[in-house]
Amino acid sequence: MENLRPYTSILAKLKDAGLRPTRQRLSLAKLLFEGGDRHVSAEDLHAEAATQRISVSLATIYNTLHQFTSAGLLREVVVEPGRSYFDTNTKPHHHFFVEGAGRLMDIPADEVSLSQLPEPPAGMKVARVDVIVRLANDN
């Protein structure tokens with residue numbers, strides 16, 4: 001970490017989220033956050049890291065993605081059991097999921113309206129509502 005200048009905004013982002021800026025966290029955060037909003041799986045990020053010659057295990061990628069999610073830097077979007085994407089856009093919004101292609105696309109929050117939600121169980125409150133609209137090719 002001799003030259004932190006390229007990491008200045010990433011370093012601040014991690015510190016503001018209460019995360020210790022380890023070399024691996026900095027490298028993965030740079031991949032995740034420097035290209036604008038995106039959706040990425042752990043496997044996709046692992047492949048990107050390998051391409052950039054960042055030596056990190058898939059287990060570390062998963063741990064880091066979950067730490068970033070817990071810290072509010074990412075949103076996890078579960079598209080089916082055992083298959084998640086991590087979204088760098090943490091503002092309220094929804095998603096199209098292209099089945100077969102495994103691709104997520106954002107839907108602005110104001111383009112989806114819900115007329116009613118069920119009453120949550122006693123002692124609980126609704127944290128957020130995630131809508132995933134599943135798309136299939138029209139063939």
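**Core, helices and surface**

Guide: This is a predicted model. Leaving aside neighbours within four places in sequence, Leu-65 is in contact with Leu-32, Ala-42, Leu-45, Leu-74 and Phe-86.

Visitor: And which residues have the most contacts inside the largest nonpolar core?

Guide: Leu-32, Phe-33, Leu-45, Leu-65 and Phe-68 have the most contacts there, in a core of 21 residues. At least two residues of this core come from each of α1 (8-16), α2, α3 and α4. The largest share, 6 residues, is supplied by α2.

Visitor: What does the second, separate core include?

Guide: That core has 5 residues, among them Val-77, Tyr-85, Phe-97 and Leu-104.

Visitor: Back to the helices. Which residues of α3 are buried?

Guide: In α3, residues 42-51, the buried ones are Ala-42, Leu-45 and Ala-49. Viewed down the helix axis they fall within an arc of 65°, so they line one face of α3.

Visitor: What do those buried residues pack against?

Guide: They pack against α2 (23-33), β1 (39-40) and α4 (58-70).

Visitor: Which residues are buried in α1?

Guide: Ile-10, Leu-11 and Leu-14 are buried in α1. Their arc, seen down the axis of α1, is within 100°, so these residues also line one face of their helix. They pack against α2 and α4.

Visitor: Which exposed residues are on the face turned away from that buried side?

Guide: Ser-9 and Asp-16 are the exposed residues carried by that face of α1.

Visitor: Which residue with a positive phi follows α3?

Guide: Arg-53 does, with a phi near 60°. Arg-53 is not a glycine. Most residues other than glycine have a negative phi.

Visitor: Where does Arg-53 lie, and is Arg-53 buried or exposed?

Guide: Arg-53 is in the loop between α3 and α4. Its relative accessibility is 78%, so Arg-53 counts as exposed, the cut-off for exposed being over 50%.

Visitor: Now the surface. Which residues make the nonpolar patch?

Guide: Leu-114, Leu-117, Val-126 and Val-129 make a nonpolar surface patch of about 310 Å².

Visitor: Where is Leu-114 found?

Guide: Leu-114 is in the loop between β5 (103-108) and β6 (132-135). With 49% relative accessibility, Leu-114 counts as partly exposed.

Technical notes: Residues numbered from 1 in each chain as written. Predicted model: local features only at pLDDT ≥ 70, side-chain atom pairs only at ≥ 80, totals over all residues. Heavy atoms only, no water. Buried < 20%, exposed > 50% of the residue type's maximum accessible area, 1.4 Å probe, protein only. Helix = DSSP H or I, 4+ residues; strand = E, 2+ residues; numbered from the N terminus. Arc of directions from axis to C-beta. Contact = heavy atoms within 4.5 Å. Patch = residues over 30% accessible without salt bridge, like charges linked within 9 Å, V, L, I, M, F, W, Y side chains within 5 Å. Areas by Shrake-Rupley, 256 points an atom, 1.4 Å probe, with all protein chains shown as cover. Salt bridge = Lys/Arg side-chain N within 4 Å of Asp/Glu carboxyl O. Core = buried A, V, L, I, M, F, W, Y, C linked by side-chain atoms within 4.5 Å.
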